[in-house]
Amino acid sequence: MAKVWRDVQAVLPATEPEFPLVFSEIVEPSVLATLELTRELLYRASDFSACAEKAQIIIDYSWEKLNTGTWRDVDKEWRRVYSYGCLFKVIGTCHGDASQAKVQEAIRTCDMGLLMGASIMDNILQRLVNVLKNKVKTQLPGEVEDTDQPCPKQKPKKDRMAEPKIDAAMSVPRVKCPALESFRSGFLMHQKPVILEGIIDHWPAFREHTWSIDYLRAVAGCRTVPVELGSRYTDEDWSQRLLTVNEFIDRYIVDEEAVGLGYLAQHQLFDQVPELKEDIRIPDYCCLGEGDEDDITINAWFGPGGTISPLHQDPQQNFLAQMYLLISFLTGKQVVGRKYIRLYSLEQTENLYPHQSQLLHNTSQVDVENPDVIQFPNFTKASYQECVLHPGEVLFIPKQHWHYVRSLELSFSVSFWWS
């Protein structure tokens, strides 16, 4: 696959002087010297193994900086150093005759730079991914190479749960395609939750190609993402692990014998995989906010039934959009994606027992659907609203409104946080 290197080389600056390495004084001179030496090897050496070795030194050293203290205290310059290390490693990996395995490794390295680093050189890591992913042979379940025997196509595990009965007196109201002013005066100004129907029917994900497991594999299967392990982030055994989307699907979506739950939660997947972002649109109602479109944070939430977001609040307005997922079962094809959601207004905070620690101060200690009324006696006094959000519907969650979310089946949600 010599053409891989030619295409990678085309993304790089043509000459060494065009390859910028400018950092603040926080980056030690020895680190800067290593970066400059690696750049020199890139343009002057015939053996790129030395470039790869230096790259790993840069990655290892900056990784220690990224994991010292809290993430918010990590200086952006060290994130940039980490991205440069990933860039040099990708170059060393792809030089010469790059195999499929090496291309996959290079994509993973780019993703690590995109996830943990900072943008460098006009987002060069994303541009390299766009080149490399076209070199990866996509093999969907059911396709087998070099054999006359087809393997059975994988099906998502059956994890559908009964839909809770919603008390009409406590149900979240529903409105079909309200005018901007109607939404502003009726719900935004008074910070009232509402389910908006029919406002995302025009999305390409609904009109042009309904999402499915195979579609997500084809578009994002080789990409590395952070996966939460455990049913909720407040559990003691909760952890995170980096997996490719294909690995996540294989282990937690289609494996009937999977142990535990995996959840791709609160991840900016649409920035990482622009092809998926082309399938959605920012809701028009976000224009009623104070910020620009670039200030809107778009997160993905993808996982099997049983995943839970504990009762918590967020600092921004939120539109939670529920995607269609077209799934094939033995009984035929079905659209899945329901979630049970309970909401409490900010005024109910004193009855919700937020954690005392700074890390979890926005999260309640109460297990909403199985509360310990002895430990948290006032929880039963808290009034709430509830709903089951179905595919194609959008829930408006006002700023700092407490909300609890449980997936009733395999689902994919998109949240839009706006000011």
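Q: Does Glu 181 count as buried, partly exposed or exposed, and at what relative accessibility?
A: The model is predicted. Glu 181 is found in helix α7, residues 180–188. Buried means under 20% relative accessible area and exposed means over 50%. Glu 181 therefore counts as partly exposed, at 44%.

Q: Which side chain does the side chain of Glu 181 join in a polar contact?
A: A polar contact needs N or O atoms within 3.5 Å. The pair here sits at 2.8 Å. The partner of Glu 181 is Arg 184.

Q: How far apart in space are Glu 181 and Cys 94, C-alpha to C-alpha?
A: In sequence, 87 residues separate Glu 181 and Cys 94. In space, their C-alpha atoms are apart by 54 Å.

Q: Is Asp 111 buried or exposed?
A: Asp 111 is found in helix α5. Its relative accessible area is 0%, and the cut-off for buried is under 20%. So Asp 111 is buried.

Q: With which side chain does the side chain of Asp 111 make a polar contact?
A: Not counting residues up to four places away in sequence, Asp 111 touches Cys 222, Arg 223, Thr 224 and Gln 272. The polar contact is at 2.6 Å. The side chain belongs to Arg 223.

Q: How many charged residues are in the lining of the largest pocket?
A: The largest pocket holds about 2000 Å³ of space. Its lining has 49 residues, with Trp 71 and Glu 228 among those nearest its centre. Helix α5 is one of the elements that each supply at least two lining residues. By class, the lining has 21 nonpolar and 22 polar residues, and the charged ones number six.

Conventions: Residues are numbered from 1 along each chain as its sequence is written. This is a predicted model: local features need pLDDT of at least 70, side-chain atom pairs count only at pLDDT 80 or more; totals for chains, interfaces and linings use all residues. Side-chain values use heavy atoms; hydrogens and water are left out. Helices (H or I, at least four residues) and strands (E, at least two) are DSSP runs, numbered from the N terminus. Buried means under 20% relative accessible area, exposed over 50%, partly exposed in between (1.4 Å probe, protein chains only). A polar contact is a pair of N or O atoms within 3.5 Å; within protein, one must be able to donate a hydrogen and the other to accept it, and residues adjacent in sequence count only if both atoms are side-chain atoms. On a 1 Å grid over the protein atoms alone, a cavity is a set of points where a 1.4 Å probe fits but cannot get out, and a pocket is an open set with protein on both sides within 12 Å along at least five of seven lines; lining residues have an atom within 4 Å of a point. Grid points are joined across faces, edges and corners, and a volume is the space filled by probe spheres set on the points. Ala, Val, Leu, Ile, Met, Phe, Trp, Tyr, Cys and Pro count as nonpolar, Asp, Glu, Lys and Arg as charged, and the others, Gly among them, as polar. Contact means heavy atoms within 4.5 Å.
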